[in-house]
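Colleague: I have not looked at this one before. Can you walk me through it?
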Amino acid sequence: MNASNTTELMHTLGQQAQAASRHMARAGAATKVAALQGLARLLRANVASLQAANELDLTRARAAGLAEPMVDRLKLTPKVIETCALGCEQLAAMPDIIGEISGLRQMPSGIRVGQMRVPIGVFGMIYESRPNVTIEAASLSIKSGNACILRGGSEAIDSNRALAALVQQALTDAGLPLEAVQLVHTTDRAAVGHLIAMPQYVDVIIPRGGKGLIERISAEAKVPVIKHLDGNCHTYVDDPCDLDMAVRVADNAKTQKYSPCNATESLLVARGVAAAFLPRIGAVYAAKGVEMRGCPESLALLSAVPGARLTAATEQDWGEEYLAPVISIKVVEGLDEAIAHINRYGSHHTESILTTNHVHAQRFLREVDSSSVMVNASTRFADGFEYGLGAEIGISTDKFHARGPVGVEGLTSLKYVVLGEGEIRT
């Protein structure tokens, strides 16, 4: 597709999305529920055809030498499809917040002032690898009464086309405009440049992918951006803690799946429990082939673990997002040093403390500057589905508007409403 055709395509998509957004904003709750339930049924009925489309992408990715963590993100397994369907149903069952008025209060003048929850309008979603994001974005867009333009990675183009076709069928079946969810079918990279520079049509951009993509969009966008750059998540093993629980959670946080942004990349261990804890977790990681990049103190405690892959950590390791079977490990004096380390090297994504001390837990929750902070739980729970949001459109590490997993509420705005009975200002 040449440059002029790409420009024309993107402006057409923008115009259609803007028109569809007005229809979506006035759609009733029952209509949106019908679309979401219909989409769940279509996903379950088309597992075989979706996997056939996905196999085209997987074959192409492997032939191109795509890294294994990226291939893993690309897979559209029956379990992934079922999770998408469940997400649609969970969203359908949630209350419709559009049109809600909150904080209504009577003023001395006689007027009543409150805030109404309204859709943002049109959002653009730019994402890489994971085709399930097509369904997460589409379902959240439907529930929140928005329209969206989706631009997935070229590596997932066949999967995304198959999924987007089901979304548009569900919209049509429910009597909603199919242009409410549009996929950019071209793999021309210039399409991204146009999408992030159309404030006349697009109200917010949500990038979801590698750090390079998000940095580029943040720098070049002429539209507000909801973003997170990377997921350097920490698990801190406190003194005191339940050692059995700490081993179980630290294992899950790192090894349950290596490629997601909520996997733990850095393990901090209080000096008082390091000698008891590190050999045990080291044996677990060694058995699973996880490379451990540690400080001198942690390496000394791990050195006797059979089969352990040990490397001296560098300064760069403390801020690294590996997305692989690699973890940095540091022994710290205690809670104060752990919090200082996380706030210095973390990416403000997700951090967890494993402790039996209530005061330590409360300090960790208050003082760690991240979008999700946990006590005695795996960082892998930092997810819109696990948080009961139905689905998520991404994780925001920004501090304005939306923070953490972004669900329906993060795709809405508030406007003031004033109710009067003929009052005039004097």
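Modeller: A term to start with: a pocket here is an open set of grid points with protein on both sides within 12 Å along at least five of seven lines, and its lining residues have an atom within 4 Å of a point. Also, this is a predicted model.

Colleague: Which residues lie nearest the centre of the largest pocket?
Modeller: Thr83, Asn132, Lys257, Arg380 and Asp383 do, out of a lining of 32 residues. The space in that pocket comes to about 950 Å³.

Colleague: Which helix gives the largest share of the lining?
Modeller: H5, with six residues. Helix H4 (68–74), helix H5 (78–93) and helix H6 (132–143) each supply at least two.

Colleague: And how does the lining divide by class?
Modeller: The lining of the largest pocket has 12 charged, 11 nonpolar and nine polar residues.

Colleague: Other topic. At what angle do H3 and H7 pack?
Modeller: About 160°, with the axes 7 Å apart; H3 covers residues 47–63 and H7 covers 157–173. Angles over 145 degrees count as roughly antiparallel, so H3 and H7 are roughly antiparallel to each other.

Colleague: Which residues make the contact?
Modeller: From H3, Leu50, Ala53, Asn54, Leu56, Asp57 and Arg60; from H7, Ile157, Asp158, Ser159, Ala162, Leu163 and Leu166. Seven of the contact residues are nonpolar, two polar and three charged.

Colleague: How many helices and strands are in the whole chain?
Modeller: The protein chain has 14 helices and 16 strands. Its radius of gyration is 24 Å, close to the 22 Å that the globule rule gives for 426 residues, so the chain is as compact as a globular protein of that length. The C-alpha trace spans about 75 × 65 × 40 Å along its principal axes.

Technical notes. Residues numbered from 1 in each chain as written. Predicted model: local features only at pLDDT ≥ 70, side-chain atom pairs only at ≥ 80, totals over all residues. Heavy atoms only, no water. Axes fitted to C-alpha atoms, helices over the stretch in contact; angles between N-to-C directions. Helix = DSSP H or I, 4+ residues; strand = E, 2+ residues; numbered from the N terminus. Parallel < 35°, antiparallel > 145°, perpendicular 65-115°, else oblique. Contact = heavy atoms within 4.5 Å. Nonpolar A, V, L, I, M, F, W, Y, C, P; charged D, E, K, R; others polar. 1 Å grid on protein atoms, 1.4 Å probe; cavity = no way out; pocket = protein on both sides within 12 Å on 5 of 7 lines; lining within 4 Å. Points joined across faces, edges and corners; volume = space filled by probe spheres on them. Rg over C-alpha atoms; globule rule 2.2 N^0.38 Å.
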